[in-house]
Amino acid sequence: MGGQQTQTAGGQQTPQSGGQDANGTEGPRRRERLLWLWPIAVLTLMVASGMALGSLGIFLAAVSAVCTLMLFIGDTALSQGQRLAVAVIGTLLVAVALVGSHRGIPLFSTEPFSTDELVATAAGKGFVATDAPGLDLSGKRVTAKDIEGKNLRGAELSGANLEGLDLHGMDLTGVKAAGASFRRAILDRARLQDADLRGADLRDACLYGVDLTRAKIQGLDATGSDVTDAIVSEASTRQARWPAEGSDTSSLMCGR
């Protein structure tokens with residue numbers, strides 16, 4: 001290791017790679033000299049992962065980077081048992097992330113981040129998405145073409161008809177959709193935090209894993225819907241109509 005030397009045919013001793021030089025000074029190993037590249041590689045990996053797989057990608061990239069770094073220098077800093085523990089913990093974290101993503105946990109969302117969101121996060125600033133210019137669909141019959149490629153955060157949807165639309169996994173944070181109809185819509189794992197859904201019609205809709213954190217849902221009607229793993233406060237559940245306990249919603253084919 002660090003200070004080992006080899007003997008040549010002439011009887012002279014020369015330092016091995018990473019050992020002592022001719023002056024007896026300990027020299028860094030080649031891979032240790034490349035550690036300055038590590039932050040650049042990690043940031044690049046996390047940005048690319050975030051743009052491809054959202055927060056799930058960033059989490060997986062972070063776990064992979066930490067585990068790889070620990071194993072990279074582990075032959076000198078960690079015992080064999082400790083390196084094995086690092087590998088096991090990393091594997092468990094990846095498994096937890098994949099299960100969490102499948103169950104619709106927001107921390108492990110696969111919705112890609114935009115470049116602006118990643119830059120704002122890296123700068124330590126909260127990113128606030130802005131609506132598409134002039135986006136106001138209140139009172140309208142909304143089609144898939146109307147919202148294709150649009151940022152719907154905070155959109156005006158009051159009284160709009162979105163029946164049967166596929167909004168799976170979409171970010172609808174802060175939408176103003178009082179009195180809107182989402183009947184038979186697919187809202188599996190959609191983000192509706194801080195949304196105004198007062199009096200909205202969500203009957204027979206797919207609400208599997210939907211996030212209704214802090215949403216206003218007074219008068220909301222979700223009878224006949226699949227609300228499996230929906231995130232909603234207990235206090236809010238008393239302000240809306242929900243499917244009867246034990247009702248069969250398998251025909252909706254939600255959560256797929």
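Visitor: In this predicted model, which residue forms a salt bridge with Arg184?

Guide: The closest N and O atoms of the pair are 3.5 Å apart, and a salt bridge requires a separation within 4 Å. The pair links distant parts of the chain, 21 residues apart, with both residues in the loop between H6 and H7. The partner of Arg184 is Glu163.

Visitor: Is Glu163 buried, partly exposed or exposed?

Guide: Buried means under 20% relative accessible area and exposed means over 50%, with partly exposed in between. Because Glu163 has 26% relative accessibility, the residue counts as partly exposed.

Visitor: Which residue meets Asp204 in a salt bridge?

Guide: The N to O distance in this salt bridge is 3.5 Å. Asp204 lies in the loop between H6 and H7, and its partner, 21 residues apart, lies in that loop as well. The side chain that meets Asp204 is that of Arg183.

Visitor: Is Asp201 buried or exposed?

Guide: Asp201 forms a salt bridge with Arg203, the closest N and O atoms being 2.8 Å apart. Arg203 is partly exposed at 27% relative accessibility. Asp201 has 15% relative accessibility, so this residue counts as buried.

Visitor: How many salt bridges does the structure hold?

Guide: Arg153, Asp171 and Arg191 are linked in a network of salt bridges. For the structure, the number of salt bridges is eight.

Note on methods:
Residues are numbered from 1 along each chain as its sequence is written. This is a predicted model: local features need pLDDT of at least 70, side-chain atom pairs count only at pLDDT 80 or more; totals for chains, interfaces and linings use all residues. Side-chain values use heavy atoms; hydrogens and water are left out. Helices (H or I, at least four residues) and strands (E, at least two) are DSSP runs, numbered from the N terminus. Buried means under 20% relative accessible area, exposed over 50%, partly exposed in between (1.4 Å probe, protein chains only).
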